[in-house]
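Trainee: Could we take a close look at a single part of this structure together? I would like to follow one piece carefully and then see what surrounds it.

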Amino acid sequence: MNRKTKIITLFNNKGGVGKTTLLYHLGYSLAKLDKKVLFVDLDPQCSLTAYLHSEERVEKSVSDKQTIYFGVKRVIEGMGDIVELNPIRKENKNVWTIIGDVSLSKLEDDLSSAWLQAMAGKPRGLRLISALFRIICASSDKHEIDYVLVDMAPNLGVLNKTILSSCDNFIIPVAPDLFSIRGLQNIGEVFKRWSNDWNVLLEKFSKLKESEKSKAEKELNFDIQKSNPKFLGLLNQNFNVYGKKKTKGWEYWSNKLNKEIEKNMILKLGKDFINKNIPINEKNYSLGEIKNYHSLAPISQGVSKPIFDLKTEDFQAIKGKKANIGGQGKDIETCGKNFKKIAEKIIEFSKT
């Protein structure tokens with residue numbers, strides 16, 4: 001894979017923090033900055049796929065066997081290796097998508113077995129746990145992608161363990177509430193354990209490759225990921241504003257965020273797991289803040305466009321011919337400016 005390409009995911013093991021909507025807008029913001037973006041939907045719920053494409057377009061991808069599940073299906077069945085996919089390009093946009101598939105949930109059990117096989121130095125296990133990464137690499141190289149944005153489910157299962165091992169950076173989205181913050185408490189410890197497991201696999205893979213007479217040498221004619229995901233920062237979102245001020249509830253919980261990150265991520269993971277561009281000494285790990293845009297979000301989803309690209313005709317398509325943007329025009333403009341700043345910071349931070 002072209003190592004100029006950066007694979008980034010958003011992860012919090014607490015759901016309901018607006019992860020998919022955030023990922024979608026980040027992707028389009030990066031594209032507006034002349035970056036080529038590949039969305040990869042690895043959440044079996046397929047929310048990102050539904051946001052990006054119509055049901056008819058998704059059905060065609062299923063019938064053409066061009067979803068992520070069909071990319072790994074032969075490896076799961078022990079019938080061969082990955083199938084390279086043809087990502088869908090959004091018309092007139094530098095945005096591509098590898099379509100999600102609810103059948104990806106079947107991969108959980110297979111990956112559990114694959115990790116055990118890989119830890120024992122078995123080629124099939126190594127082939128399967130590197131399959132998603134290799135599909136992403138093939139598509140990225142083909143389209144000269146700058147940023148791959150991966151959507152994943154909010155849990156600490158083996159599928160996510162495999163996905164995180166394929167990423168260069170991860171961002172943690174949080175909402176202003178107790179449960180979102182509690183979701184941070186075991187991430188650092190779990191990530192470190194996952195990374196240690198992967199280092200064992202890399203050593204076994206390397207030894208098998210070096211064995212000239214080994215049958216495994218012929219079976220290991222593929223590359224696997226290095227698994228060195230680095231924390232890129234927090235994204236605070238869904239806060240409410242009343243009287244041009246953030247609510248007291250938001251201020252209370254947001255003040256706790258940096259302390260929780262310091263305790264549960266920075267101290268537990270260590271500097272090797274933190275992107276070196278993050279100003280650790282300042283103890284501020286936020287990439288930016290996104291307010292709650294309320295009714296603009298469902299309109300955005302309904303017309304498959306980012307909030308900052310909404311026009312009068314989009315409101316009319318959802319609400320009727322008499323609908324207009326009205327006072328929400330300012331929110332649309334603010335949304336675009338905020339996401340641009342965050343996208344610029346991601347570009348700056350992820351250079352190394």
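Is helix H4 (residues 68-76) mostly covered or mostly exposed, and how many of its residues are buried?

Mentor: Please keep in mind that this is a predicted model. Helix H4 is mostly covered, since seven of its nine residues are buried. Those buried residues are Ile-68, Tyr-69, Phe-70, Gly-71, Val-72, Val-75 and Ile-76, and they pack against strand S2 (37-41) and strand S4 (95-98) as well as against helices H3 (55-63), H5 (107-119), H6 (123-129) and H7 (131-143).

In the loop between H3 and H4 you will find Lys-65, which has a positive phi of about 55 degrees although it is not a glycine. Lys-65 counts as exposed because its relative accessibility is 52%, and the cut-off for that word is over 50%. After H4 comes Gly-78, whose phi is also positive, near 70 degrees.

From here we can follow one of the partners of H4, namely helix H5. The axes of H5 and helix H10 (residues 187-210) come within 9 Å and cross at roughly 55 degrees, which means that H5 is oblique to H10. In this contact, Trp-115, Ala-118 and Met-119 of H5 meet Asp-197, Trp-198, Val-200, Leu-201 and Lys-204 of H10, and these residues divide into six nonpolar, two charged and no polar.

Key:
Residues numbered from 1 in each chain as written. Predicted model: local features only at pLDDT ≥ 70, side-chain atom pairs only at ≥ 80, totals over all residues. Heavy atoms only, no water. Buried < 20%, exposed > 50% of the residue type's maximum accessible area, 1.4 Å probe, protein only. Helix = DSSP H or I, 4+ residues; strand = E, 2+ residues; numbered from the N terminus. Contact = heavy atoms within 4.5 Å. Axes fitted to C-alpha atoms, helices over the stretch in contact; angles between N-to-C directions. Parallel < 35°, antiparallel > 145°, perpendicular 65-115°, else oblique. Nonpolar A, V, L, I, M, F, W, Y, C, P; charged D, E, K, R; others polar.
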